[in-house]
Amino acid sequence: MNKHLLEVVIPTYGRPHSARRAIESCLAIEAEDLIVSCNSNGPDPFLESLSKEVGCSRLRYSSFEKNLGPHANFSYLIKNARAKYLMILSDEDYLDPGCAQGYLSFLRSLHDKVAVISSAIYDSISHNYYFRPHFLHGKTLGINQYLCCSEPIPSYVSGLVFRTDRLPAQLVDQCMATVSPANSYAQLDLVLGILDRGSMATFCSYKFVVKGNEARIGGDSHSHKTSSSNNYVVETRTVSESRLGENLDLNPSVYGPEARTQQFVYRATRMTKLRRISRVVRNIGLANLLVVFSEAVLYSPRAVRLPENFKLSDSVSHSIQNLPLCSDCPSAWIHFFDAIILYNRPFGRVALKNLRLVLLLLRRATLAFS
């Protein structure tokens, strides 16, 4: 039996000041059954000295001898978790101690079958919710309902909670082993892998997890760079008013149209391999993915416009040609995705709007019968 209820794991690299804020926000919570683990992807004297300075048994700090990449960091922390539940917290974000007791009580109330919890994310810059599943709060969902009701699976890693005894090392290795533009969100594979084994998921809408940076800037130093520069944004403690005017473009290798198209096809193909979902749910899930990734492409500052004579664009064709598409991969959805990119045409706008409405009705209907 686990001695602790919740372990907050903080993978970090090159952002010691924001990591310190994340650590201190956790330790400010007066709860002995909440512990913190932070691993740095390479030696960090600042965090090492902080660990000694704090001298708290609830904090465990470690580091790799060299940078092994973000997936290795995530994998290490997940495999070495010691509490009943673990929460992943990006080193750019932090927790709100004032909401801790309500959140911990929520965890204590969960059914034993619940193994995945998606938490609300509050944006400290916009003072609004980045993600808030208010109408899903406390709903216990199997994989079919989850794929219908989530909007779709939240891709933001902070606030994602797993039950540690439902995380076999083989599944963690399988999900974290491959790093590519197509599989930029390995935690989504981890969620689907757990639910496909029969566990349940739920959502928590409490304002416990706080996003520390403005949404366009994000945090992963491998994923963002300053405009017209090859230098990645490594240290992003907070975004001051003077920096809000800067044009910080998202890295196209992760957030560009070609990368988003690769991610859509990867996720669509991954969905066809799930054992416990019906054909109807698979198509609903694909439509959810389509809405999310098409919006990302439309709002990308590097979005491409296709030729006037519509066909599968060269950029999309190039991005999917080397992906392992299985026989069930719905090529019609890929063509539809390509058409949506043509946001200057009425078809793209109307199709996306109607698709969103249909998905909203399906989600409401699913909840009504859950």
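**Exercise 1. Place Asn-288 in the fold and find which backbone oxygen its side chain approaches.**

Asn-288 belongs to helix 11, which covers residues 279-299; helices here are DSSP runs of H or I of at least four residues, and strands are E runs of at least two, both numbered from the N terminus. The model is predicted, so local features need pLDDT of at least 70 and side-chain atom pairs count only at pLDDT 80 or more, whereas totals for chains, interfaces and linings use all residues. Residues are numbered from 1 along each chain as its sequence is written, and side-chain values use heavy atoms, with hydrogens and water left out.

With a relative accessible area of 2%, Asn-288 is buried (under 20%; exposed is over 50% and partly exposed lies in between, with a 1.4 Å probe and protein chains only). A polar atom of its side chain lies 3.0 Å from the backbone oxygen of Leu-147.

**Exercise 2. Determine which parts of the chain the salt bridge between Arg-82 and Glu-7 ties together.**

The side chains of Arg-82 and Glu-7 form a salt bridge at 3.6 Å, N to O, the term meaning a side-chain nitrogen of Lys or Arg within 4 Å of a carboxyl oxygen of Asp or Glu. Arg-82 sits in the loop between helix 3 (70-79) and strand 4 (85-88) and Glu-7 in strand 1 (residues 6-12), so the pair ties together parts that are 75 residues apart in sequence. Arg-82 is partly exposed at 30%, while Glu-7 is buried at 0%.

**Exercise 3. Identify the residues linked with Arg-163 in a network of salt bridges.**

Arg-163 and Asp-165 form a salt bridge, with their closest N and O atoms 3.0 Å apart. The network links Asp-112, Arg-163, Asp-165 and Arg-166.

Methods:
Polar contact = N/O pair within 3.5 Å; in protein donor to acceptor, adjacent residues only side chain to side chain.
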